[in-house]
Amino acid sequence: MGYTLNFAAVWRSFDDLLLGLALSLALAFGAILIGAVIGLCTAFGLISRNGLIKRPAGAYVSIIRNTPILVLVLFTYFALPQWGLRLGKIESFVFTLALYSGAYLAEVFRAGLLSIPAGLREAGLAIGLTEMQIRTSIIAPLMFRNILPSLSSTIISLLKDTSLAAAIAVPELTFETRKINVETFRVIETWMVASCLYVFTCSILAALMRIVERRLALPR
């Protein structure tokens, strides 16, 4: 028996898909903002000469990067409440995704920090800047320019990773798609539209990040 494509049922629920996509974007950007802070602090820990700082930072990166994100999501939502740490579905997922992105961004930031010539720090000290001023006014801006391509890839990956929030019933795009699929039994059409929304959104983000890269590129 042939399968006839019929998108009518999907279009009737298209607003739900757009709302799910909006939540996916909010989850991704919330996680990247928190994860960037975690990653930057961890990156400074990774390049620290103090073992009491470097070892815990390295352990965090190693544990998170070697644990499947779905396991982390389920652990945060189902296991932490057993210890009295109960979070809502959205808060739990953003917290998990932020920890996950922080571990990957730590390596990105570490590479960016190591790409900065040591002479810049010495020059900053020579003109009377404090270590904090050197990091915020000299090192951080240059590092940000160097890591933009990697940062762009991380942001796009995080948007796709938000699909795992469906595992704990967060009503993002994948959850809404699965819901419409169950209600209409239009398997191909539903997932085809959802895939197009993901591809379109990721393409727009990639184009925007390329524009930012060109604007902030150092003259050669």
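**View 1. Serine 48 and the backbone of asparagine 50.** In this predicted model, a polar atom of the serine 48 side chain lies 3.0 Å from the backbone nitrogen of asparagine 50. Serine 48 sits in the loop that runs between α2 (14–46) and α3 (51–65). With a relative accessible area of 17%, serine 48 is below the 20% cut-off and therefore counts as buried. Apart from its neighbours within four places in sequence, serine 48 is in contact with Ile53 and Lys54.

**View 2. The salt bridge between glutamate 107 and arginine 110.** The closest N and O atoms of glutamate 107 and arginine 110 are 2.9 Å apart, and the two residues form a salt bridge. Side chains of opposite charge can pair when their charged atoms come close. Both residues belong to helix α5 (residues 89–114), where they are 3 residues apart, or about one turn of the helix. Glutamate 107 has a relative accessible area of 22% and is partly exposed. Arginine 110 is also partly exposed, at 28% relative accessibility.

**View 3. The salt bridge between glutamate 189 and arginine 186.** A search of the whole structure finds 2 salt bridges, and one of them joins glutamate 189 to arginine 186. Here the closest N and O atoms are 2.7 Å apart. Is glutamate 189 buried or exposed? Its relative accessible area is 0%, so glutamate 189 is buried.

**View 4. A nonpolar patch that includes tryptophan 191.** Tyr3, Leu5, Val187, Ile188, Trp191 and Met192 make up a nonpolar patch on the surface. Together these residues have about 530 Å² of accessible area. Tryptophan 191 is located in helix α9, which covers residues 187–216. Its relative accessibility is 31%, so tryptophan 191 counts as partly exposed.

**View 5. Segments annotated as transmembrane.** An unreviewed UniProt entry gives the annotation "transmembrane region" to residues 20–47, 59–80, 92–113 and 191–212. In the model, the span 20–47 is 96% helix and 0% strand, and its end C-alpha atoms lie 39 Å apart. The span 92–113 is 100% helix and 0% strand, with 31 Å between its end C-alpha atoms.

**View 6. The annotated domain, residues 21–209.** The unreviewed UniProt entry marks residues 21–209 as "domain: ABC transmembrane type-1". Over these residues the chain is 81% helix and 0% strand.

**View 7. The chain as a setting for the close-ups.** The chain has 9 helices and 0 strands, and its pattern along the sequence is α-α-α-α-α-α-α-α-α. Taken along the principal axes, its C-alpha atoms fill a box of roughly 75 × 50 × 25 Å. Of the 220 residues in the chain, 38% are buried. The accessible surface comes to about 12,600 Å², and 66% of that surface belongs to carbon and sulfur atoms. Among contacts between residues at least 6 apart in sequence, 76% join residues at least 24 apart.

Terms used. Residues are numbered from 1 along each chain as its sequence is written. This is a predicted model: local features need pLDDT of at least 70, side-chain atom pairs count only at pLDDT 80 or more; totals for chains, interfaces and linings use all residues. Side-chain values use heavy atoms; hydrogens and water are left out. Patches are made of residues with over 30% relative accessible area and no salt bridge: like charges are joined within 9 Å, nonpolar side chains (Val, Leu, Ile, Met, Phe, Trp, Tyr) within 5 Å. Accessible areas come from the Shrake-Rupley method with a 1.4 Å probe; for residues, only the protein chains shown count as cover. A salt bridge is a side-chain nitrogen of Lys or Arg within 4 Å of a carboxyl oxygen of Asp or Glu. Helices (H or I, at least four residues) and strands (E, at least two) are DSSP runs, numbered from the N terminus. Buried means under 20% relative accessible area, exposed over 50%, partly exposed in between (1.4 Å probe, protein chains only). UniProt positions are given in the numbering used here, feature names are shortened, and annotations may be inferred rather than shown by experiment. A polar contact is a pair of N or O atoms within 3.5 Å; within protein, one must be able to donate a hydrogen and the other to accept it, and residues adjacent in sequence count only if both atoms are side-chain atoms. Contact means heavy atoms within 4.5 Å.
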